Structures are given as C-alpha cells and as structure tokens.
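Hello,

Here is the structure I promised to pass on. Please open it and keep it beside you while you read my notes below.

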Amino acid sequence: MSESNHSETIVSRRDEVYDLHEKGDADVHPDGGLRAWLVVIGVRPQFGLVNSWGVFQSYYQTTVLQTRSPSDIAWIGSIQYSLMFLPCLVWGRLFDLGYYKSVVLVCYIMLVISAFLVAECREYWHFVLCQGFAIGLCGSGILAPAPAIISQWFKKRRGLAMCIYSTGSSFGGTIIPILTRQLIPRIGFPWTMRILALISIVTLGIAIMLLKRRIPPMQTSTALFNFKAFQSGAYSAYCLSTLFIFLGIYTVLTYIDIGAVSHGISPNFAFYLVAIANAGSGLGRYCAGLCADRMGPMNVMMPMTLACAAVTYAWPFAHTKGTLVAVAVLYGYATGSFLALTPNPVIEFGDPSDIGKNVGMLMSIIALGALAGPPISGVINSATGGFVAVGCFAGSAVLLGVGLMVWSKYLALGSVFGKL
C-alpha cells in the first residue's frame, strides 16, 4: 500500500476500521446526516426492563415472593438500577481505549440469556442473581458507550440526539408493563419472560448493527480513574448532586402501583401507572432535548428536577385514579427530562479524550444512590406503615441534589445565570 493510501485509513487497535474521509476533523461534528441519525437509532433500542421494575416489584410482592418484605424485594430492583451505572467506569475506560462493539456484543448475548433464566427463577436468591445482578450488569455494558458515541457525531444538536436516544428506555418501560399485565394471566410468568427475552433479541440486535464511533481511540492514559477531573469543583459538585438525586428519584417509579393498591385502587388499574409514568418520561426526554440545545442542559435539568421533588412530596397524598394518573404523568415528564440529560454537563466539562472515563466515573457515583434509595424507602414504609415519610425522604434527597446542581453551575460559570 502506498504512503498516500496508507494515510487515508486508520486501523484501530481494537474494534473498527476508520476512514479519514468519513471521520473528518475530530472537532467538526456532523450534527446530522443519515449516518449520524442511524447511530442514534442504533443506540435507542433499550430493553426497558429496568424502567419497568415497579411492575415486577408489585407482582413478586403479591405472588412468588409474598413472604419477603417490600424492602427485601426492592433490593432486586436496586441492584439492577445500580449495576446499570456502577460498571460504567470500566466500560467508559474500555471505550476510550477502543473497545466497545465486542463489549456490547458479549453483554447483549448475556442479557438475553439472563432474561430467559428469570423465567426459571423460584427462590429469592434466584431473582437477585438473574434479574438483579445479571440483567443490570449486562444492560450497563450495552448502554454505557452510547453518550460517548453520540458526542462524537453531535455537538450543536447533542441535546436532541441524547434525548431521542434515551426515549428508547421510556418506550420499553411503557410497553413492557402492559405486555406483562396482559400476558401473565394468559400464559403465566415464565412464558411472559421468554417473550420479553425474544423481543430483546430484535431490539438489541439493531444496536449491534448500527453502532459506529466516528473518531478513533486517542492516545490517553490507561488508568481506570481520572482523579484530575475531581480537581474541577464544578465536576465534583455535579457528581455529588446526581448521587443525592438518584437516592430519591426511583422511589415513585418503584412504589407508585403498590401505594395505589394500598389506597384501595384496583390492582388491574394500578399496574398501568408504571407504564403511564414511562410514557410521560418519553415525552419529557424528547422535549428536554429540544430545549437543551438552545438553553443548555443544566438550565433544563434544574427546574425539571425541582418539579420532580415537588411531585415526589405530593405523591403519597394522591388517593384517587385521577390524581395518581396526574402524579404519574408529571413525575414521568420531570424525571425523563433529568435522566435524558444527565451525562451532558460532564461532556461539556471534560477533555474529549476522557469523555468515556469521566462519564463512567459519574455513572459509578450515581450507582450508589440508585442502589440505596428504593430499599431505604422500603424500610421507611415498613416502619411507618405508609408512604408519607417515604415521599418526604425521597423528595428531600432530590431537592438537596438540585441545590448542589445549582452550586455546580455557579462554580463552572461564576454565576447561576448563563448557558450550560
């Protein structure tokens, strides 16, 4: 091969071949075009099992695991939530080094196997291993590279692209509760899980085919942690804010249907509250993307997360179908706006060569809140016999996180005003 031809192609040490004509300048983002939007479509098909946990919490609590406390059962979902984020530190580092398609493929295969295994679970520890650890860990490996990949293709329209991508989990979280509710009485829980596993083969298979990074791996440190990032007060404050927000943000999604049944609402109706919340979340994610590119991600996240805290405080006092639907829609819309944009400020703060690592560290910190939040809420519910104290705890945690987010913005800009 001639030197000129050799200069036209860069062969990655890891997963892909990069063509310089397609890649272009690393600082010039396409911000659109067929290939860029195909990448967004590729990362969009998320299985939605994690966002549907409230349905499984309710089902397990009234059937196969009815002898266990709500807090015990909540640990399954919390492990799942936390493992969607905790290993992102490792996945992010692997992405920076050039590995991602091989990681996604392995996790994709293992997630499908895990979903099939949940159908065979009978004991509490079976569910902890298969639905808590396995699905959470594998789902993390599939989703973790997405923010870094999108950031290579979009800059001015990054907020919209990130939010379209994140609507995949909301779509799955809307469909899965409805499917589960309709299928379990007809074909039983095991075959319901097998059907969900077959659906995941199709949706996640799309991701494998369409995922593509634009920029080859850069020469960067192989260290797992980037401690220099914490020298930035804005980054440190933002990580701390998300820790507290995730301590309370999943509480309503976990317990809204159980709380509804405790107020005399029919289980047949309460089952759909999780789906309604996820539908509202999808709308919130899309609208947040439209606004974030004009206003800045933090300027969208702060008022929406504040609204989430307000709805969480109000949730225990919703006792009728109408008020519960209103809570589900408003909660879903507000949380969707926050969840869709969570990585965006970190992308703005950091060096492009360390995006995977810095986002991974953020996600690993988030995992601590996601792990502890729902079980703490379950313990409070068991101790008090109701959800008022639960709503106060979760709402206060989210409210504290909002305050820390405002502080982060002030440290970044020197003012609470301005686009960020």
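A search of the whole structure finds zero disulfides (a disulfide is a pair of cysteine sulfur atoms within 2.5 Å). Take Cys-130. Its closest cysteine sulfur is in Cys-121, at 3.9 Å, so the two are too far apart for a bond. Cys-287 has its closest cysteine sulfur in Cys-291, at 6.7 Å, also too far for a bond. Cys-130 is buried, at 16% relative accessible area, while Cys-287 is partly exposed, at 22%. The cut-offs: buried is under 20% relative accessible area, exposed is over 50%, and partly exposed is in between (1.4 Å probe, protein chains only).

A note on the source: this is a predicted model, where local features need pLDDT of at least 70, side-chain atom pairs count only at pLDDT 80 or more, and totals for chains, interfaces and linings use all residues. Residues are numbered from 1 along each chain as its sequence is written, and side-chain values use heavy atoms, with hydrogens and water left out.

Next, Arg-194. Arg-194 sits in helix H10, residues 158-210 (helices are DSSP runs of H or I, at least four residues, numbered from the N terminus). Arg-194 is buried, with 18% relative accessible area. What does Arg-194 touch, leaving out residues up to four places away in sequence? Phe-116, Ala-119 and Glu-120 (contact means heavy atoms within 4.5 Å). The side chains of Arg-194 and Glu-120 also make a polar contact, at 2.7 Å (a pair of N or O atoms within 3.5 Å; within protein, one must be able to donate a hydrogen and the other to accept it, and residues adjacent in sequence count only if both atoms are side-chain atoms).

Best wishes

Notes
Helices (H or I, at least four residues) and strands (E, at least two) are DSSP runs, numbered from the N terminus.
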